[in-house]
Amino acid sequence: FLLAEDLIPYGKIKRVVLGGERVDNKLVALHFEKNKQAKLMNEYGPTEVTVWATVSELKSAKDTITIGKPIAHIKTYVVDEFGEICPVGIPGELCISGESLAKGYLNRPDLTAKSFVPDPFSENVSRRMYKTGDKARLLPDGNLEYLGRIDNQVKLRGYRIEPEEIETIIDSLDFVEKSVVTCTSESAQNQQLIGHI
């Protein structure tokens with residue numbers, strides 16, 4: 001958004017770091033159009049892993065946009081529905097293990113038990129792994145490509161939203177038989193939640 005609004009005084013900037021939203025090729029092209037000297041970094045990491053878990057330097061708008069490789073003290077795994085590591089190129093759920101994992105969700109032992117599990121790939125038996133709910137695949141060069149969500153969760157202006165939770169509230173109204181909540185797939189700036197009754 002900063003790039004599109006000309007809010008970055010590019011002349012003195014040496015590095016631009018993107019995070020929080022999925023990066024598209026148009027944004028990368030805009031960056032290199034404005035300043036070929038500033039490095040462009042794409043960081044990925046959910047709040048449950050203290051925000052930053054992987055990083056990639058984006059060098060061209062023509063390349064596949066990746067979320068990169070894990071930072072120090074972080075391990076990442078792409079696993080299938082049985083919890084086995086997916087072969088290179090095969091999509092699965094992105095899981096993160098490391099020192100920066102949160103202890104869990106406040107007053108939500110059920111969600112904590114579902115999302116924070118023992119790391120079956122670590123020799124350290126006390127090490128935990130966070131199941132992100134994000135779909136990714138490992139590329140041959142070791143970088144991770146983000147592919148979206150494995151569930152219906154949407155991200156709207158930086159907030160993670162579960163449409164099913166909103167549907168439950170709408171469905172509780174006497175005059176509603178069934179509802180469906182969707183998120184428009186326009187640009188991130190113009191996205192909206194829409195309730196269908």
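In the predicted model, Phe121 is partly exposed, with a relative accessibility of 30%. Its partner in an aromatic pair is Tyr77, which has a relative accessibility of 11% and therefore counts as buried, the limit for that class being under 20%. The arrangement of these two rings is tilted, with 4.6 Å from centre to centre and 45 degrees between the planes. Tyr77 belongs to strand S5 (residues 74-79), whereas Phe121 is found in the loop between strand S7 (116-118) and strand S8 (128-138); the pair therefore ties together parts that are 44 residues apart in sequence.

Another aromatic pair is formed by Tyr105 and Phe116, and its geometry is edge-to-face, with a centre-to-centre distance of 5.6 Å and an angle of 65 degrees between the planes. Because Tyr105 is located in the loop between strand S6 (92-98) and helix H2 (109-115), while Phe116 is part of strand S7, this contact ties together parts that are 11 residues apart in sequence. Tyr105 is partly exposed at 24% relative accessibility, and Phe116 is buried at 7%. Ring pairs also bring in Tyr130, so that Tyr105, Phe116 and Tyr130 are linked into a cluster. The count of aromatic pairs in the model comes to four.

Strand S3 (residues 54-58) runs antiparallel to S4 and is joined to it by two bridges. Thr54 has Pro70 in S4 as its bridge partner.

Val181 counts as buried, with a relative accessibility of 7%. Leaving aside residues up to four places away in sequence, Val181 touches Pro163, Ile166, Glu167 and Ile170, as well as Leu193, Ile194 and Gly195. In the case of Gly195, the C-alpha atom lies 4.4 Å from that of Val181, although the two residues are 14 residues apart in sequence.

Conventions: Residues numbered from 1 in each chain as written. Predicted model: local features only at pLDDT ≥ 70, side-chain atom pairs only at ≥ 80, totals over all residues. Heavy atoms only, no water. Phe/Tyr/Trp six-rings, centres within 6.5 Å; stacked < 30°, edge-to-face > 60°. Helix = DSSP H or I, 4+ residues; strand = E, 2+ residues; numbered from the N terminus. Buried < 20%, exposed > 50% of the residue type's maximum accessible area, 1.4 Å probe, protein only. Contact = heavy atoms within 4.5 Å. Pairing = 2+ DSSP bridges.
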